[in-house]
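Me: I would like to learn how to read local features in a model. Can we take them one at a time?

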Amino acid sequence: MNLKERIKPISFLKANTTEIVNSFDAGQDEPIIITQNGEAKMVVLSMHAYQEGKRQAQQMQEQHAFMKLIAMGNQEIARGDVVSEEDFLASLDQA
């Protein structure tokens with residue numbers, strides 16, 4: 001279904017709620033954009049699409065956090081704020 005076919009007025013949602021739910025049950029994962037007075041107001045999507053979107057958002061947050069840690073490490077290296085492997089291992093032996 002192309003984007004134009006997925007844009008529906010709120011009256012369509014009111015009149016076809018059961019059919020929309022059934023289409024999601026049948027594997028339809030494309031969101032439906034609901035308009036009011038010609039302006040997009042909401043998006044209706046399947047639970048599967050919602051959960052997939054949440055999973056992808058969480059992955060992006062984790063990737064961002066990892067990249068931030070790498071950047072912080074690179075900054076420490078650039079400042080010379082490092083410890084040799086030997087000193088690090090020796091500090092573990094003392095703990």
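Reply: Start with Asn 37, found in the loop between β2 (32-36) and β3. Helices (H or I, at least four residues) and strands (E, at least two) are DSSP runs, numbered from the N terminus. This is a predicted model: local features need pLDDT of at least 70, side-chain atom pairs pLDDT 80 or more, while totals for chains, interfaces and linings use all residues. Residues are numbered from 1 along each chain as its sequence is written, and side-chain values use heavy atoms, without hydrogens or water.

Me: What is the phi of Asn 37?

Reply: Most residues other than glycine have a negative phi. Asn 37 is not a glycine, yet its phi is positive, about 55°.

Me: Is Asn 37 buried or exposed?

Reply: Buried means under 20% relative accessible area, exposed over 50%, partly exposed in between (1.4 Å probe, protein chains only). Asn 37 counts as exposed because its relative accessibility is 79%. Val 43, in strand β3, has 48%, so it is partly exposed.

Me: Where does Ser 46 lie, and which residues does it contact?

Reply: Ser 46 lies in the loop between β3 (39-44) and α4 (47-79). Ser 46 counts as buried because its relative accessibility is 4%. Contact means heavy atoms within 4.5 Å. Setting aside neighbours within four places in sequence, Ser 46 is in contact with Phe 24, Gln 28 and Asp 29.

Me: What does the side chain of Ser 46 reach at 3.0 Å?

Reply: The backbone nitrogen of Ala 49.

Notes:
A polar contact is a pair of N or O atoms within 3.5 Å; within protein, one must be able to donate a hydrogen and the other to accept it, and residues adjacent in sequence count only if both atoms are side-chain atoms.
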